[in-house]
Amino acid sequence: MKKLLSTIMLLTATLTVQAQEIPQVINIQGRQTMTLNGPWHYIVDVQEEGYYDYRMNPMRNGFFSNAKPKRPEDLIEYDFDKAETMQVPGDWNTQDERLFFYEGTVWFMRHFILPSSAEEGLGVEAKPRTLLYFGAVNYDAHVYVNGQKAGHHIGGFTPFNFDVTDLLREGENVVIVKVDNKRHAEDVPTQIFDWWNYGGITRDVCLVTVPPTYVENYKLQLDKSSATKKGQRQISFSAKLNKAEGGQPVTLRIPELKITRTFTTDADGTINAQRFTINSKKLQLWSPDTPKLYKVEIQLGEETISDEIGFRTIETHGKQILLNGEPIFLKGISIHEEKANGGGRANSTADAHTLLSWAKELGCNFVRLAHYPHNEYAVREAERMGILVWSEIPCYWTIAWTNKKTYANAERQLTDMILRDQNRANVIIWSIANETPHSAQRDAFLSRLAKHARELDDNRLISMAMEVTGASNYHNKLQDNMSEFVDIVSFNQYIGWYRDVNDAPKMTWEIPYDKPVIVSEFGGGAKYGLHGAKNQRWTEEFQENLYRENTAMLDKIDGLAGTTPWILKDFRSPRRVLTGIQDYYNMKGLFSDKGEKKKAFYILRDWYSAK
């Protein structure tokens, strides 16, 4: 009996020992990393016996332990090394046809070799730390390293990392991840949404080597309206260390501008918005026409982090959006993070370049990355290509507005989205929601998010995709209490799809706010290659006529500062079941999934060319 109790206590201790979960460390690309991308073994665990059976009976081996039989009679009913493999990053829906509709738990395992340490003999305080970084896992991830718990993360579209230094060993190591993409009412997004619920480790995985004290995050940007009397502009720099250590020198270099500045951390390990001036003539501002990026280096001790950062201002004046002090019309398109040709979740620079190149063909200078934070590769590629970005968290339709954990989840996703991309010049709008039904509880939830976003970053604009209410016959009035908390009034409308397209010329719009207006969605579906009369649903001619009538209608909206029609390309959705037409695709794309241009493409392209 004593032996049995000792075994149970030992196994329980193994499960509960955890590494330290740490705040997001930004700009992984600019640090020393070792990739864990590639083939991972996986086991589909429909009833979650590899997790919950262990909790009920610690004598059973949980999958995280990666146990092997030691005697012929040992009973272990799984073996990662004999299991199939799939590519990480990637989704399981398109890599295993048996999992196309699957929502549940899949376990992933990867062996890796950790080289011998070159820091033998150094004290604990001097040894580098190793972080295990995930770009995103959809949706609920339990992470284990060498059989011990590294941590737990909820949320399918933002990065997270753990300090796993004390769990690693020289030579062979193993990381195991329990991934669960089941939908729940209290999640963000909630149970119902109109895109494919791709499960898996969908973005990069790597080990990051950092010093014991390192720069956790930093922000470098041109101050809004920062021109001075003598042709100078102000640049603001702030940073945060992973430890509350004061007196630490952090050096900022921008070689092309001949800038070298050293700042000293406060007692809590932060550098708070230190400003310095630069001659305006020396500084080339980032814009869609000239997407200039400067090489930037940030040094603390022996570690130097490299980045490429552009400088620009974004603000509003009445009903105008001003980029670098000049009015701009945002010629946009909405995009889902999905590869072309049925490829599943997009996860590389090449994937992003394909989609963004299609947007450029359309004449876009702006994209709405809907309805969740997209891969960092996509944001950075858009920045290099001169494309402005609206970035959004998945507060979509009806969220559990009064659930405290749901709010904490949404705020965490908003925080991680902002921290990751706060140095990207092309990101100009943080969006906090899409098509949320009005209620006092919703207003309280979203207004808190808006205030939180502004506290984190007051140099960008806040918006959300609202719904038009107060429609009477052919008069539409936008009435939303959230108008008080946003900089840009944005709304979705589908005249011609959910209302007769012949109504478009009769429509009038009342938007009683002295703020810029973005029509964040409009459009309708068509199957590429299906032709017929302009009043025949699903034909290219129907969609073409809808775009023709809608763009003429939109020209009449006072304060219209941009649009992001729905959507760039056809994308998978389990809600779209019409056989022979949709076949589990939302067909509102201007491109087919194969990149074929529908007739409506040319209507929008010509409208944008005249703007």
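Okay, let's start at proline 189, which sits in the loop between S10 and strand S11 (205-210). Helices (H or I, at least four residues) and strands (E, at least two) are DSSP runs, numbered from the N terminus. What kind of peptide bond joins valine 188 and proline 189? A cis one, with omega about 5°.

Before I go on, a word about what we're looking at. This is a predicted model, where local features need pLDDT of at least 70 and side-chain atom pairs count only at pLDDT 80 or more, while totals for chains, interfaces and linings use all residues. Residues are numbered from 1 along each chain as its sequence is written, and side-chain values use heavy atoms, with hydrogens and water left out.

So how confident is the predictor? pLDDT is its confidence in each residue, from 0 to 100. The chain has a mean pLDDT of 92, and 92% of its residues reach 70 or more. Over residues 1-16, though, the pLDDT is below 50, and that stretch has 17 contacts in the model beyond near neighbours in sequence; contact means heavy atoms within 4.5 Å.

Now, the sheet. Six strands make an open sheet, in the order S4-S3-S5-S10-S7-S8, with antiparallel pairing. Two strands pair if DSSP finds at least two bridges between them. Which strands are at the edges? Those are strand S4 (85-88) and strand S8 (148-154), each pairing on one side only. On average, neighbouring strands here are turned by 30° against each other, direction ignored; the axes are lines fitted to C-alpha atoms, and angles run from 0 to 180 degrees between N-to-C directions.

Let's zoom in on one pair. Strand S5 (residues 105-114) and strand S10 (residues 171-180) run antiparallel, joined by 10 bridges. Threonine 105 stands opposite aspartate 180 in S10.

Most residues other than glycine have a negative phi, and most peptide bonds are trans. Look at the bond from asparagine 138 to tyrosine 139: that's cis, with omega near 15°. Tyrosine 139 is in the loop between strand S6 (129-134) and strand S7 (140-145).

Then there's asparagine 66, in the loop between helix H2 (52-56) and S4, with a positive phi near 55°. Is asparagine 66 buried or exposed? Buried, with a relative accessible area of 12%; buried means under 20%, exposed over 50%, partly exposed in between, using a 1.4 Å probe and protein chains only.

Asparagine 146 also has a positive phi, about 50°. You'll find asparagine 146 in the loop between S7 and S8, and at 14% relative accessibility it counts as buried.

Note on methods:
pLDDT is the predictor's confidence in each residue, from 0 to 100.
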